[in-house]
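Open the model in your viewer and keep the selection tool at hand. The stops below say what to select next and what is there.

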Amino acid sequence: MKKFINRPDNLEAEVNRGLALSKPNILRQLPDCNVMVRQNLKKDRVALVFGCGSGHEPAPNGYVGYGMLDAGIPGKIFSSPTPDMILKGIKEVQNEAGVLCLIVNYTGDVLNFRMAMEMAQMENIAVESVIIADDVATQKNKSVGRRGLAGVVLVMKIAGAEAELGSDLYRVKEVAEWAASGMRTIGVACRPCIIPADGEPSFELGEQEMEIGMGLHGEPGVLRCSMMTVKETVHQMLDLILLDCNYENSEVVVLINGLGGTPPMELYVVNDCVHQYLGDAGIKIYDTMIGNYMTSMEMGGFSISLMRLDPHLKALYDMAAETPIIRR
């Protein structure tokens, strides 16, 4: 294993301290933990909270700031933040307008956030949640539902903008749910990441293999096959998205998300193929975001997200934001 780290057992703390030091005008790290909150918290605005495991940087803390998150709460690598850490984040940003938690649909995340929310409600904190479940590769899993993937970044942008308008808690929740309902994501991987604590790969693939639909932690996808061209891969992925959700005559935002080990050169090729496919399908692209928005350390691969827009969602998407990663 080759990684530029010090000690694996101190990795999360050093990551978040380094991020906080890079943007002291935007971020404030709480003492003795990795919870990050925005500077200059507003007391008359619904507070937005999101957490996920470390290893998915820049999520969650890279999206803390004006127009997006009020608090980011990272867990250990590929593990949900604990209920007590989530509660600490909620209590730090709570105000009379209430708190909305965005939760990616993984069992640990859902359970831990619900426990923290129950504890917050016992302290008379108004708190609601929206579960993000955008992965079309898990559409047939009726027990736990779809996984949450990089589409959550788009929901953060929409919900954060609605909160900046001064909308009440239930309106912010309603808008976030509406944005999520028109959003779909699918990923593909060709190389695993290496878990720092044990030096082992997160999954195994043959030298010439790829897997469409693989989750952020190496969860099984829908098709393991020999490597294909980017065009063939993108067509397979978008076929699955459009089979699941009708975007005909729609206007969409496209998010091309690198998983950490795929260079910009390759992501731009992906985007070229996505634009050709959607153009042929009569789907209008309003904007495209390309980059590493929700990674799996150095995993080789990418995901594609589509979010349907209406006039209100478009206006929210265009509103100002200032975080370490997204600035408008």
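Predicted model: local features only at pLDDT ≥ 70, side-chain atom pairs only at ≥ 80, totals over all residues.

Begin by selecting residues 107-122, helix H3: its 16 residues should span 22 Å at 1.5 Å a residue, and the end C-alpha atoms lie 23 Å apart, which agrees. Next, show the side chains of the buried residues of H3, which are Asp109, Val110, Asn112, Phe113, Ala116, Met117 and Ala120.

**The cores**

Now select Phe50, Tyr63, Leu100 and Met156, the residues with the most contacts inside the largest nonpolar core, a set of 62 residues. Helix H4 (residues 152-164) supplies the largest share of this core, 9 residues. Domain 1 (12-182) and domain 2 (183-316) each give the core at least three residues. Stay on Met156: beyond its neighbours within four places in sequence, Met156 contacts Leu48, Phe50, Tyr63, Gly67, Met68, Leu69 and Leu102. For a second, separate core of 25 residues, select Cys225, Val234, Leu278 and Leu306, which are among its members.

**Between the domains**

Colour domain 1 (12-182) and domain 2 (183-316) separately. Their centres, taken over C-alpha atoms, are 23 Å apart. At the interface, 39 residues of domain 1 contact 38 residues of domain 2. The area buried between the two domains is about 3100 Å², and carbon and sulfur atoms give 66% of it. Finally, select Arg146 and Asp244, whose side chains form a salt bridge (2.9 Å, N to O).

Notes
Residues numbered from 1 in each chain as written. Heavy atoms only, no water. Core = buried A, V, L, I, M, F, W, Y, C linked by side-chain atoms within 4.5 Å. Buried < 20%, exposed > 50% of the residue type's maximum accessible area, 1.4 Å probe, protein only. Helix = DSSP H or I, 4+ residues; strand = E, 2+ residues; numbered from the N terminus. Domains from an automatic or database assignment. Contact = heavy atoms within 4.5 Å. Expected span 1.5 Å × (residues − 1). Buried area = accessible area lost by both parts, 1.4 Å probe. Salt bridge = Lys/Arg side-chain N within 4 Å of Asp/Glu carboxyl O.
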